[in-house]
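Hi everyone, thanks for coming. Let me put the structure up on the screen, and then I'll walk you through it.

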Amino acid sequence: MSVISSRKVSDFIAKIPLYILLLAFSAIFLFPLYWMICTSLKDIVEANMAPPTWFPHELHWKNYWDVTQTIPFWRYTANTLFLCFASVIGTTISCAMAAYGFSRFAWPGREKFFLLTLATMMIPFPVMMVPLYAEFKAFGWIGTNLPLWVPAFFGSAYNIFLLRQFFLSIPKELSEAAIIDGCSEWGIFWKIIIPLAHPALMVVGLFCFMAVWNDFLGPLIYLMDPEQFTLALGLQQFQNKHGGTDVTLLMSAATLMILPIIILFFFTQKSFIEGISLTGMKL
Amino acid sequence: MTKTEKSNIIKGLLFTMPWIIGMCLFTLYPTIMSVYYSFTDYSLLNAPAPVGLQNYKDLFVDEVFLKTLSNTWIYAAMALPFGMIVSLFLAILLNQGIIARPLFRTIFFLPSLVPLVALAILWNWLFRTNDGAINALLEMVGVTGPDWLGSTLWAKPALVITGLWGCGQAVVIYLAGLQEVPRDFYDAARVDGANWYQQIRHITLPLISPVIYFNLIMGCIGTLQIFAVPFIMTNGGPLRSTLFYSMYLFQQAFRYLNMGYACAMAVILFFMIAALTWVAHMISRKHIYYGGA
């Protein structure tokens with residue numbers, strides 16, 4: 001055995017307590033997810049046994065089919081997906097445009113508007129909740145899904161801030177060369193900046209998708225008609241109605257709601273982790 | 001004004017137009033109206049009737065309001081330090097040059113992806129008293145678990161534990177901060193005979209202090225808005241022991257239609273958040289090490 005590999009081995013042995021700790025914590029973090037899936041595969045009698053069984057006697061995959069029939073699961077999913085995609089499209093376009101206007105060329109008043117934009121980042125949703133409701137009521141939008149996606153087309157301060165940071169890092173010479181070639185400002189934005197800003201737009205779009213998929217308070221306030229409910233609201237109503245009676249179906253529904261997010265995460269892991277480190281480090 | 005300047009203003013306004021309209025319609029107008037409504041009696045059904053400072057006077061003798069304030073701060077005082085310790089601890093473990101780090105990082109991060117509604121429903125099930133998994137696990141080590149969500153003593157800790165499960169984002173943020181600390185600092189400290197505790201106390205913590213402060217302040221601001229999880233798990237109970245600030249605001253607005261009263265709460269919420277942001281700013285200027293700058 002060479003010197004290097006024997007050092008590697010002794011290094012590994014020194015770290016065994018560390019791995020034991022990591023494995024213990026991993027077990028704690030994974031257990032609730034295991035328990036959700038485990039319960040979702042039991043039959044209802046077994047699920048309500050005390051003490052619980054740690055593994056289903058029989059795997060009832062049919063629960064997953066049953067829950068999509070018990071509640072209008074596909075309707076909820078379609079409603080949620082519509083809101084997600086509309087919001088992602090609206091947010092990325094409107095925020096990229098505003099970020100471009102705030103970063104790539106100078107104009108009088110730019111700094112003032114940008115400062116105001118930063119100031120609005122401090123205002124949380126509950127502060128505006130009541131007047132927004134009154135405003136949407138005046139528009140005749142209560143009971144429709146309009147309040148949940150139309151505002152996305154009018155930008156959001158935080159995403160504008162993030163994208164502006166990114167746009168500032170793109171060399172000025174690129175724009176200048178394009179102007180000499182006779183490219184319009186819109187052309188520069190659309191053909192040069194947007195393709196280059198792909199990673200940052202990914203992060204914004206991804207986080208927007210997640211936020212809409214998860215949103216509970218918005219749909220709770222604005223939606224009245226069960227036909228328009230999102231997964232989050234529909235699931236909560238289902239839990240309320242069933243008050244712990246058919247927990248196997250409830251856990252199947254919860255699993256189905258989590259699954260797309262997990263899949264999305266595994267496909268976009270790099271953007272995700274980068275986005276979180278980026279947003280966390282920005283002071 | 002030159003011709004280019006003029007055309008730049010037009011271009012600038014055109015690019016930022018959607019946002020400027022959005023900011024006015026969906027942020028500035030509602031914020032200003034929140035202040036206005038807070039001085040009125042407003043039920044949404046009839047026009048707001050000015051009542052001066054009455055809503056604010058009522059708030060400070062409203063026992064439920066004071067209870068939600070103390071609930072919120074007690075919850076924050078439990079959840080934030082625990083959250084910080086656990087996520088920092090996990091981040092330090094992950095930063096020890098281990099194999100399979102991406103795997104472990106993913107495992108700790110996964111729960112923070114779970115949508116809040118699904119998370120609340122899942123933990124409701126885990127915390128069940130007689131047939132819940134947590135009490136069954138406690139039984140295996142000889143402990144009789146409490147009636148978690150049904151007792152005024154244990155409901156808040158149960159919510160804290162639920163929140164801890166989602167600390168993965170903080171782990172990722174801390175890990176990114178830890179990776180910025182130069183290896184040489186530790187090597188130099190080790191040569192000087194510093195043990196692991198001294199290394200953490202005198203190198204790691206001071207160097208990642210901006211990240212810690214940022215996380216704590218964001219945590220405070222987040223706690224003031226906590227809604228979905230307690231709404232679904234306990235709906236404020238038992239005996240209002242988990243009724244938090246934003247939940248009471250929601251109740252006053254949409255259950256009792258006391259819109260003016262709810263807006264007074266919103267204005268106070270705004271000032272609390274502004275104060276926290278200001279404190280964060282001051283602390284960070286005084287005590288925090290920023291690499292290089």
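Let's begin with a definition: a residue is called buried if 20 or more other C-beta atoms lie within 10 Å of its own, exposed if 12 or fewer, and partly exposed in between, with C-beta atoms placed from the backbone. Take B:Tyr197 as an example: it has 8 C-beta neighbours inside 10 Å, so it counts as exposed. B:Tyr197 sits in helix H10 (residues 196–207) of chain B; helices here (H or I, at least four residues) and strands (E, at least two) are DSSP runs, numbered from the N terminus. From B:Tyr197 to B:Gly12 there are 185 residues in sequence and 54 Å in space, C-alpha to C-alpha.

Some housekeeping before we go on. This is a predicted model, where local features need pLDDT of at least 70 and side-chain atom pairs count only at pLDDT 80 or more, while totals for chains, interfaces and linings use all residues. Residues are numbered from 1 along each chain as its sequence is written, and chains are lettered from A and ligands numbered from 1 in the order in which they are written.

Now, chain A. Chain A has 16 helices and zero strands. Its radius of gyration is 25 Å, well over the 19 Å that the globule rule gives for 283 residues, so chain A is more spread out than a compact globule. For the record, that radius is taken over C-alpha atoms, and the rule is 2.2 Å times the number of residues to the power 0.38. Along the principal axes, the C-alpha atoms of chain A fill a box of roughly 75 × 75 × 35 Å. Of the 283 residues, 41% count as buried.

Chain A is divided into domain 1 (3–63) and domain 2 (71–242), with bounds that come from an automatic or database domain assignment. The centres of these two domains, taken over C-alpha atoms, are separated by 38 Å.

How about chain B? Chain B comes to 14 helices and two strands. The box for the C-alpha atoms of chain B is roughly 75 × 70 × 30 Å along the principal axes, and buried residues make up 38% of the chain.

Next, how the two chains meet. How many residues does the contact take from each chain? The contact takes 72 residues from chain B and 74 residues from chain A, where two residues are in contact if their C-beta atoms, placed from the backbone, lie within 7 Å. On the side of chain B that touches chain A, helix H1 (residues 3–37) of chain B gives the largest share, 21 residues. That side of chain B divides into 53 nonpolar, 15 polar and four charged residues. In this count Ala, Val, Leu, Ile, Met, Phe, Trp, Tyr, Cys and Pro are nonpolar, Asp, Glu, Lys and Arg are charged, and the others, Gly among them, are polar.

On to the cores. A nonpolar core is a set of buried Ala, Val, Leu, Ile, Met, Phe, Trp, Tyr and Cys residues joined through C-beta atoms within 7 Å. The largest one has 122 residues, and A:Leu163 and A:Ala254 have the most contacts inside it. Helix H5 (residues 73–101) of chain A gives the most to this core, with 11 residues. A:Leu163 touches, among others, A:Cys95, A:Ala99 and A:Val204, not counting residues up to four places away in sequence. A second, separate core has 24 residues, including B:Phe109 and B:Phe214.

Finally, some backbone details. Helix H7 (residues 125–139) of chain A has a kink of about 35° centred on A:Pro131; the bend is the angle between axes fitted to the seven residues ending there and the seven starting there. A:Pro131 is one of the buried residues of H7(A). Just after that helix, A:Gly140 takes a positive phi of about 75°.

Most residues other than glycine have a negative phi, and most peptide bonds are trans. Which peptide bonds are cis here? One runs from A:Ala50 to A:Pro51, with omega near -5°, and another joins B:Gly237 and B:Pro238, with omega about -10°. B:Pro238 lies in the loop between helix H12 (228–233) and helix H13 (245–255) of chain B. B:Arg240 is found in the loop between H12 and H13 too, and has a positive phi of about 60° although it is not a glycine. With 17 other C-beta atoms within 10 Å, B:Arg240 is partly exposed.
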